[in-house]
Amino acid sequence: MTYVLPKTLAEALEISAGQEMTVLAGGTDVFPAATSLGMPDNIMDISAINDLRGISDTDDHYRFGALTTWSDIANADLPAQFDCLKQAALEVGSIQIQNAGTIAGNLCNASPAADGVPPLLALNAQVELSSQDGVRVLPIQEFVLGNRRTALQPGELVSAVLVPKDLSAAHSHFIKLGSRKYLVISITMVAVIVEVDDQSKITQARISVGACSEVAMRIYALEQALIGCAASEVATLVKADYFSCLSPISDVRAKAEYRRNAAVELVTRALAKCAETL
Amino acid sequence: MENQKMEISFNLNGKSVQVDTDPSYRLTKVLRDVLKLKGTKVGCDAGDCGACSVLMNGEVVCACMVPAGRLNGAEIVTVEGLSEEEAMGKLQASFLHHGAAQCGICTPGMLTSATALLMKTPNPSRDEVKDALGGVLCRCTGYQKIVDAVVNANSLDVNATPNEPKEDKAVGARLKRIDGDPKVLGTDVFGDDGAPEEALRVVAIRSPYHRASFEFGDLDAYQKANPEIELILSAKDIPGRNLFGVIEPMADQPVFAETEARFKGEAVAAVVAPDAFFDRFKVSDFPISWTELKASLIPEEALAEGAALLHEDRAGNTMVRGIVQRGPLADEFASADVVVEGEFRTGFVEHGYIEPEAGFAVRVGDRIEVSACTQAPYMDRDSLAIIMDLAPEDVRIIPTSVGGGFGSKLDLSVQPFIALAAWMLKKPVRMTYSRPESMMSTTKRHPSHIKAKIAAKKDGTLTAMDFDGVFNTGAYASWGPTVANRVPVHASGPYFYPAYRAKSHSVHTNCAPSGAFRGFGVPQSSIAQEGLFDELANKLGMDRLDFRLKNALENGMPTVTGQVFETGVGFKDCLESLKPKWDVALKEADAFNAANASGSKRRGVGVAGMWYGCGNTSLPNPSTMKVGIKADGRCILFQGAVDIGQGSNTVMTQICADAAGLEFADFEIITGDTDLTADAGKTSASRQTFISGKASYLAGLELRNVILRQVNASENATIKLSATDKTLIVTDAGGEHVIDLSSLPQDKDGFVLFGEGTYDPPTSPLDENGQGIPYAMFGYGAHMMELEVDIKLGTVKLLRLVAAHDVGQAINPMLVEGQVEGGSAQGIGLALLEEFIPGRNENLHDYLIPTVGDMPSVETILVEAKDPHGPYGAKGIGEQVLIPTAPAILNAIHHATGARIYQVPATPDRVLDAIQGTKGTN
């Protein structure tokens with residue numbers, strides 16, 4: 001058993017280069033898994049790398065350090081397109097989980113029901129991967145590959161999540177559907193971002209659905225159909241046909257068909273909410 | 001492998017501490033096992049329950065998910081640190097004042113989470129409190145009193161509203177719990193909190209299959225390779241009988257399976273070693289080979305021809321059948337104007353107490369002492385004596401505080417493992433179930449498959465009911481026979497029928513044993529009966545509450561077993577107390593639906609009635625209580641009715657105080673130690689307030705008479721105990737008599753005056769048609785639920801519950817409300833959220849119990865139709881409160897949407913299916 005607590009990213013990357021380590025950030029996935037399986041043998045606790053926590057703003061993107069917690073995000077002062085991400089942050093588990101869980105952990109755990117993924121997908125987020133060989137940046141779709149599968153290579157760490165500044169006058173909304181109010185794994189959740197021109201006509205729409213496929217999906221066909229429409233009528237344009245890309249499963253939480261229908265209904269409602277704020 | 005150690009220093013509750021420990025340890029382990037600070041509780045080790053919530057650098061986190069290695073320089077505040085600042089002490093006082101702590105196992109997590117909120121928001125709204133407490137599960141309280149306590153923490157002047165006895169009587173007063181202080185200070189000792197430091201740990205090896213045969217590999221070689229292991233236990237080590245059961249003639253459950261495991265999670269062996277050994281222990285290394293066998297998981301499979309028998313002597317996998325019948329069934333159905341029928345299904349329900357089973361055992365000479373969480377100390381003693389081949393007197397059970405029970409802690413869990421290991425090794429041994437272990441191996445509520453048919457005349461008079469219920473009783477008997485007997489007696493509900501037949505059939509399957517869970521099968525049967533009542537009322541065009549009123553049992557009317565109560569049937573009063581609220585609620589729902597016809601929300605109102613017999617069904621059921629005054633002026637109640645959070649410690653004392661004519665504050669209690677307290681039976685069947693309460697009353701009365709006889713005082717004399725003067729002052733018309741306690745002869749324990757009371761309620765056996773006197777009393781009640789259904793998503797939002805309960809006499813109205821609020825929360829879980837699926841959801845993130853955000857407001861109406869047997873007329877309440885909640889919810893969903901739900905839980909997909917007219921089953 002080894003436990004290491006690097007203080008810098010460079011130190012962490014050096015350790016990762018030498019040995020396969022279980023990375024411990026917020027601990028909200030590693031410890032629950034250990035309840036039945038025991039603690040992993042080699043643990044690298046990256047929580048002491050202070051540079052990896054926090055939100056910053058550069059010329060062309062927002063940068064969320066890997067260790068930025070959901071509470072950090074919920075409390076941050078961010079433009080309106082991030083409303084969906086902030087709403088998702090407040091729906092991650094409970095306050096206890098939001099105070100510990102991190103944005104990068106949510107991505108690396110790659111649960112189909114990860115609450116953070118649909119809003120980040122809608123925000124066109126990119127994942128910054130660091131290793132001793134350097135840095136590479138992947139669109140989130142190319143990072144989260146499947147149920148518990150990511151593009152993370154040995155020796156790599158997620159160092160940040162980058163959100164491009166590619167929207168203006170945007171409105172966004174997130175809805176999570178679960179069987180109970182708090183501490184619940186989503187049956188379905190949706191994130192919606194709508195950008196409008198000064199006549200309130202849609203110039204960009206981004207719609208994503210989580211827990212209805214192995215990875216969260218963008219509903220591109222619907223996004224295309226909405227461009228040029230009046231914001232006030234968007235909710236009436238949502239049709240089930242647009243959602244054929246989803247492949248939900250049946251499990252203890254809900255049946256597949258229910259998930260598919262709920263996704264359509266939730267997207268309709270999220271778009272209506274966006275329209276209300278215009 | 002050696003554990004890595006790291007020197008870590010941090011600030012704990014304002015003081016700096018240094019530990020040299022494994023950096024991968026959870027903070028919970030550091031606090032509890034390294035620093036011996038047991039106030040922080042462990043409920044799941046997965047962030048699902050919040051019991052371990054602590055403040056880390058001012059923010060609330062689950063200590064089970066913080067590694068020790070990152071603690072350097074951190075500031076940690078646990079429950080033990082909350083009493084140091086006055087503002088935080090106020091919160092704890094507010095919890096006690098509001099009755100916000102029942103069992104107390106979630107209380108530390110609630111307090112720390114609330115503190116994080118109150119530091120930022122001193123006077124929060126209810127919604128802010130809910131957001132702050134959403135991550136902490138409570139299974140006892142229904143959360144309402146917890147929210148009250150936090151909202152009022154900084155505004156309540158606790159001293160201005162003292163919980164004083166009402167008109168000099170303790171009975172009827174909202175007294176604070178007698179055992180409350182340790183629960184809010186984090187000093188209460190639960191199952192996992194009391195083991196000696198050097199205690200070894202036992203870990204069970206359990207079947208990974210629903211049914212499997214197995215063979216051990218080379219256990220000696222395994223032990224040699226792991227020299228820290230002190231003992232490996234299996235069936236061959238049992239000195240006595242490798243079988244136990246709560247109903248001795250049905251005892252069928254082995255401590256360790258011998259050749260074949262009959263359910264997933266059954267123990268086959270156990271490893272005993274120092275705690276640190278298990279840090280790196282892998283179950284997969286244990287030498288055992290399994291052969292999976294074909295399992296029957298539902299009664300349909302177990303009853304199929306050719307299905308393997310779980311127990312050779314139980315043909316067809318039938319454990320037991322029950323029947324109650326009365327009156328000419330065919331004739332009454334034939335003469336009826338309306339007949340409705342339906343088929344209803346419910347699943348396994350997990351008790352979900354936040355304290356997993358835990359305890360420790362110590363061998364003292366040739367006796368074994370077991371301290372564990374339990375609801376039934378004397379039953380534990382007698383079962384362990386048989387397993388250990390000891391005389392019952394050589395087994396001592398000292399119950400720890402119990403972090404919730406609800407029926408499952410009536411059965412043995414850790415006790416045989418720790419007793420056996422401590423006995424063989426002559427060393428103290430502890431055991432704590434993990435959450436998955438607790439969920440996979442302990443008893444559950446019986447799944448049911450019920451077919452029922454009910455008929456009525458045009459004017460709404462019931463004529464007949466025919467009920468047939470099949471119950472999945474799992475691999476072992478446990479309390480299955482009780483469920484099979486109780487259901488036919490109760491399936492009618494508290495209504496009069498000219499003709500009635502109810503049959504039950506309990507079937508063994510390869511699932512965890514179904515046992516006792518608040519209501520013993522009656523919540524399941526009530527869903528069918530109360531659901532069909534709404535169908536009848538609707539068909540007849542009658543108001544649904546009026547239909548129930550028309551058929552409600554009253555004094556002097558025979559029940560379905562032919563029992564006639566001349567007094568004390570308060571059911572109609574319960575319904576009538578709901579009537580004005582019902583009429584308003586119906587109007588409001590109609591108005592809402594009319595105004596929102598184009599929207600997706602529909603409101604509905606539902607009502608359901610209930611009854612529940614207190615105590616064992618037609619079986620002896622005695623309790624004994626003892627009370628004494630010592631020469632030094634202390635007054636001690638020996639109170640063996642285990643308090644699992646419901647409040648028996650307080651209630652027994654209130655009753656005894658009034659019976660003796662002493663003050664509540666005069667009393668100390670000694671609880672549930674089989675060496676010290678008499679047998680007060682088990683904490684189940686809503687029997688403690690009634691039966692043990694009556695024994696407590698008789699003990700108090702005898703003490704009073706003994707005191708009065710000392711000075712020949714008259715019956716209506718007043719008695720005043722002065723502990724400082726060591727005197728009793730007895731005053732009657734003849735003046736004041738002073739008894740000098742130190743001058744009286746003392747027994748070996750220093751007692752000078754003593755009272756004892758025993759009570760066994762009058763019942764009679766049921767005949768072959770189930771006719772007779774099953775219970776000396778019933779409790780009655782009715783719930784009205786208002787809710788909102790999202791007809792496009794099938795989600796249900798509960799708005800308001802009004803719960804009317806006939807409790808005879810509320811001994812402590814605050815504790816009764818706590819039972820109502822908490823019991824209905826479990827009813828909500830049954831209706832909307834909870835179904836345990838063996839092998840699928842053995843954790844608290846896939847198995848969902850209600851959070852603080854899932855509760856409606858709960859208004860309790862106490863009806864007091866005094867019972868001639870109960871102490872001061874009191875009746876039981878514990879189980880009553882859960883029974884009508886689920887049918888009231890399902891009836892309200894139907895009212896809102898027109899969709900009848902035939903299978904619970906009514907998850908969003910099932911509700912939507914029902915709304916869309918498809919069959920609401922999987």
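1. In this predicted model, the centres of domain 2 and domain 3 of chain B, taken over C-alpha atoms, are separated by 38 Å. The contact takes 21 residues from domain 2 of chain B and 17 residues from domain 3 of chain B, where two residues are in contact if their C-beta atoms, placed from the backbone, lie within 7 Å. The side of domain 2 of chain B that touches domain 3 of chain B has nine nonpolar, 10 polar and two charged residues. Here Ala, Val, Leu, Ile, Met, Phe, Trp, Tyr, Cys and Pro count as nonpolar, Asp, Glu, Lys and Arg as charged, and the others, Gly among them, as polar.

2. Chain B is divided into domain 1 (200-295 + 357-432), domain 2 (448-616 + 767-915) and domain 3 (623-759). For chain A, the assignment gives domain 1 (1-48) and domain 2 (170-277), with their C-alpha centres 36 Å apart. Domain bounds come from an automatic or database domain assignment.

3. In chain B, the axes of helix α15 (residues 544-551) and helix α16 (residues 571-595) come within 10 Å and cross at roughly 160°. α15(B) is therefore roughly antiparallel to α16(B). Helices (H or I, at least four residues) are DSSP runs, as are strands (E, at least two), numbered from the N terminus. Axes are lines fitted to C-alpha atoms, for helices over the stretch in contact, and angles run from 0 to 180 degrees between N-to-C directions. Angles under 35 degrees count as roughly parallel, over 145 as roughly antiparallel, 65 to 115 as roughly perpendicular and the rest as oblique.

4. The crossing of α15(B) past α16(B) is left-handed; the term applies if the near helix is turned anticlockwise from the far one by less than a right angle, and right-handed if clockwise. B:L545, B:R548 and B:L549 of α15(B) meet B:K572, B:L575, B:L578, B:K579 and B:W582 of α16(B) in this contact. Its residues comprise five nonpolar, no polar and three charged.

5. Helix α19 (residues 813-833) and helix α20 (residues 885-897) of chain B pack at about 50°, with axes 7 Å apart, and are therefore oblique to each other. α19(B) passes α20(B) in a right-handed crossing. The contact is made by B:S824, B:G827, B:I828, B:L830, B:A831 and B:L832 of α19(B) with B:T885, B:A886, B:I889 and B:L890 of α20(B); seven are nonpolar, three polar and none charged.

6. Residues are numbered from 1 along each chain as its sequence is written, while chains are lettered from A and ligands numbered from 1 in the order in which they are written. Because the model is predicted, local features need pLDDT of at least 70 and side-chain atom pairs count only at pLDDT 80 or more, whereas totals for chains, interfaces and linings use all residues.
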